[in-house]
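Please work through each task before reading its solution.

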Amino acid sequence: MDLFFTMLVPFTIGAVAIYAAFRRVDVYSALVQGAGSGLETLTRIIPALVGLMTAVYMLRASGALELLARALSPLLDRLGLPSELLPLMLVRPISGSAALGVGAELISTYGPDSQLGRTAAVMLGSTETTFYTVAVYFGAVGITRTRYAVPAALCADLTGFLAAAWAVRVCFG
Amino acid sequence: MTVIWTGMVAASILCGLATGQGPEVAAAAVEGAAAAVQLALSIAGMLCLWTGVMEVMRQSGLADRLSRLLSPVLRRLFPQAAKDREAMDSISANVSANLLGLGSAATPLGLEAARRLARRSPGTASDSLCMLVVCNTASIQLIPTTVASVRAAEGCAAPFDILPAVWLASALSVGVGILACKVFSRVWRA
């Protein structure tokens, strides 16, 4: 099973390439063209990453997060969420690149294969930047009465966090 | 974002001075900026590889096939929009772009769908529009490439071993989001 998930990625790439080659797509130039757009994404997120990781590093060094985490940890413990992940959960709905910065920090501090590192990765992989998305969609179509969209989206986020901690416990013991 | 960022910086300076960790805060500001660029560089390779593969899927028509596959499910989620062919097409293209992790393709497609859905009730979000937005705020990406790139950069041998856990958590989160929409739409009338 482990080998299957490890090989899933190369299999996916291979299968896509073979299918596309049969459909007479110029596979290599499509790949290169797409990779170029990845680079554009990257240059777009670097400035935001610099701004946010500076603030996150400062906040971490100041001890403010520990104070907040200590205040909230009884509640988090009851929900089965480690308090180290609190900063990630707080920024996740607000900023994607900030969450990526905070998550990368957690993964590097605790190790990618630790329980905490895995939970952080699953949280990042299974939730989205809720407030940004809501603002973009409703802003673009001129909707001011958003009714239940935000509460429903936050229900989904909270479930995602709880489910991430639970799923890592189930899948990795 | 302005308020949040400024607040974070101000809070860390105040807190750092209060706890006597002022010098650490000063050093952290420099470290953080450097770490951001390092992080970006270390994930660059894998990110570009995946956007490349996605482009191959788009050009070969695989992405279209996926979106056709999804339409029966989506018709149930958006009953009021089911008759609007073009809205449904945009919605399924948006959802399949999200599944593939094509964020930059998903947003324009989703906005196109939102524009059509909003036409019937200007100013107020209809049930279909709320559902579309909630589906887009919940991550349904099948292969979370950015996170996997970060794990790989930290020396993880099998960066994708979290896939089953990610699918489980995503499915639960999207499920609750959809359920919340259906329940709230009864209570929270337009």
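**Exercise 1.** Leaving aside neighbours within four places in sequence, determine which residues are in contact with V134(B) in this predicted model.

*Solution.* Step 1: apply the cut-off, under which two residues are in contact if their C-beta atoms, placed from the backbone, lie within 7 Å. Step 2: set aside the neighbours of V134(B) within four places in sequence. Step 3: list what remains, namely A149(A), A152(A), A153(A) and A156(A) from chain A, together with G177(B) and C181(B) from chain B.

**Exercise 2.** State how many residues the largest nonpolar core has, and which residues have the most contacts inside it.

*Solution.* Step 1: the largest nonpolar core has 114 residues. Step 2: V122(A) and V134(B) have the most contacts inside this core. Step 3: in chain A, domain 1 (1-45) and domain 2 (63-172) each supply at least three residues to the core.

**Exercise 3.** Describe the side of chain A that touches chain B.

*Solution.* Step 1: 86 residues of chain A are in contact with 86 residues of chain B. Step 2: among the elements of chain A that give two or more residues to this side are α1 (2-22), α2 (27-62) and α8 (149-172). Step 3: α2(A) provides the largest share, 27 residues. Step 4: by residue class, this side of chain A divides into 55 nonpolar, 23 polar and 8 charged residues.

**Exercise 4.** Find how far apart the C-alpha centres of domain 1 and domain 2 of chain A lie.

*Solution.* Step 1: the domain assignment gives domain 1 as 1-45 and domain 2 as 63-172. Step 2: their C-alpha centres lie 28 Å apart.

Definitions and conventions: Residues are numbered from 1 along each chain as its sequence is written. Chains are lettered from A and ligands numbered from 1 in the order in which they are written. This is a predicted model: local features need pLDDT of at least 70, side-chain atom pairs count only at pLDDT 80 or more; totals for chains, interfaces and linings use all residues. Helices (H or I, at least four residues) and strands (E, at least two) are DSSP runs, numbered from the N terminus. Ala, Val, Leu, Ile, Met, Phe, Trp, Tyr, Cys and Pro count as nonpolar, Asp, Glu, Lys and Arg as charged, and the others, Gly among them, as polar. A nonpolar core is a set of buried Ala, Val, Leu, Ile, Met, Phe, Trp, Tyr and Cys residues joined through C-beta atoms within 7 Å. A residue is buried if 20 or more other C-beta atoms lie within 10 Å of its own, exposed if 12 or fewer, and partly exposed in between; C-beta atoms are placed from the backbone. Domain bounds come from an automatic or database domain assignment.
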